[in-house]
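Here is a short briefing on one protein model. Look at the sequence and the structure, then read the points by topic.

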Amino acid sequence: MTATRWTPAAFVAAGLAFLLFPLLRPWPDESVATADLATAFASDRWVLAHLCGILGLALLAPALLGLRTILAQAGPADDDAGAGPGAGAGANAAAGAGARAGSRAGVGTATWALITAWVGAGCAALYFGAEIFGLRTLAEAALRENDLGLLAHAEVLRMQPGAIALFGAGLFLLAVAGVLVAVALWRAGGRPRWAGVPLAIGLVLVLPQFFGGPGLRITHGFLVAAGCVLVAVAARSRAGRV
C-alpha cells in the first residue's frame, strides 16, 4: 500500500482512537476513595480506553511520515504554480518559483513535525502505560483486600516527578508537532491552506484538557478527531497530484 492510501487512513484511525479514549473511559468521582472508583480503575473499559489513547499517539508519527512523503512527491499546489493565464511569462515564472520554495518549506516543516510527534508520543505513551496498569493493579488490590485506602497511592503514582516531567515534555512536543503540521500544510499551498489548524489547536490543548471534566474532554476528543479527518482529506487531495 502506497503513502497516498495509508496516510489518510492513518490520520482517520488516529482521530478515531483519540475520540474513543474519552468516550470509553469510565468517569467516576476521583476526589474520594470509593468502591466505584476502584471498580472503574480495575475495569476493562479503563484499559481499553487508555489503549485507544496510546494507539492514537502511536499512529500520529506514521501518519505524519506519510504526509511528508506526499508533500515531497506532489510539489507545489496547482493553484500556486503560476500567476494565471493572463499574466506574463515573468510573472508566471516568479509565481512558480515561489510556489516551489513554499512546497520545499512545507516538506521541511513536516519533517520537524514528524520528529517532534515521534518523540512526544513516545514520552507520553510511557505515562499512559503506568496509568493503565499501575492504577489497575492498585484498584484490584483494594477490591481484593477490601481496603480502599490503597487508592491513596494512585495520586502518588500519577504525580511521581519523573513521570510528570516525561509526560509534560511529551505533550509539549505533540503541541509543537501540531503547530508544525498546520504550518507545513499552509506553506505547501493548496486548498484549504488552513487544513492543519484544527488539529494544531487540538494537540495544543491536549495538556490543558486533562484538567477539565468529562464533557470538556469528550469535546476535545471530537476536535482532535475532526482535525485528523481534515488533514486526511488534505493529504488525499495532495496525493491526487502525485
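Predicted model: local features only at pLDDT ≥ 70, side-chain atom pairs only at ≥ 80, totals over all residues.

How many residues line the largest cavity, and which lie nearest its centre? The lining has 16 residues, and F18, F21, V206, Q209 and F210 lie nearest the centre.

**Cavity**

- One cavity of 30 Å³ or more is present in the structure.
- The largest cavity has a volume of about 170 Å³.
- Two or more lining residues come from each of α1 (3-24), α3 (44-74), α4 (89-145), α6 (161-188), α8 (206-209) and α9 (214-239).
- Helix α9 gives the most to this lining, with four residues.
- Sorted by class, the cavity lining has eleven nonpolar, four polar and one charged residues.

- The largest pocket has a volume of about 710 Å³.
- Its lining counts 29 residues, and E30, Y127, E131, R158 and F210 are the closest to the pocket centre.
- The elements that supply two or more residues to the pocket lining are α2 (35-42), α4, α5 (153-158), α6 and α9.
- By class, 18 nonpolar, five polar and six charged residues line the largest pocket.
- F210 is listed among the residues closest to the pocket centre, and F210 is also listed among those nearest the cavity centre.

**Salt bridges**

- Side chains of opposite charge can pair when their charged atoms come close.
- The count of salt bridges comes to five.
- One of the pairs joins R158 and E30 through their side chains, at 2.7 Å from N to O.
- This pair links distant parts of the chain, with R158 in helix α5 and E30 in the loop between α1 and α2, 128 residues apart.

**Nonpolar surface patch**

- Which residues form the nonpolar patch on the surface? They are V179, V183, W186, W194, V197, I201, V204 and L205.
- Together these residues have about 670 Å² of accessible area.
- Helices α6 and α7 (197-204) each supply at least two residues of the patch.
- L205 is found in the loop between α7 and α8.

**Annotated spans**

- An unreviewed UniProt entry annotates "transmembrane region" over residues 46-67, 110-130, 163-186, 193-211 and 217-235.
- Residues 193-211 are 63% helix and 0% strand, and the end C-alpha atoms of that span are 31 Å apart.
- Residues 217-235 are 100% helix and 0% strand, with end C-alpha atoms 27 Å apart.

Terms used. Residues numbered from 1 in each chain as written. Heavy atoms only, no water. UniProt positions renumbered as here; feature names shortened; annotations may be inferred. 1 Å grid on protein atoms, 1.4 Å probe; cavity = no way out; pocket = protein on both sides within 12 Å on 5 of 7 lines; lining within 4 Å. Points joined across faces, edges and corners; volume = space filled by probe spheres on them. Nonpolar A, V, L, I, M, F, W, Y, C, P; charged D, E, K, R; others polar. Patch = residues over 30% accessible without salt bridge, like charges linked within 9 Å, V, L, I, M, F, W, Y side chains within 5 Å. Areas by Shrake-Rupley, 256 points an atom, 1.4 Å probe, with all protein chains shown as cover. Salt bridge = Lys/Arg side-chain N within 4 Å of Asp/Glu carboxyl O.
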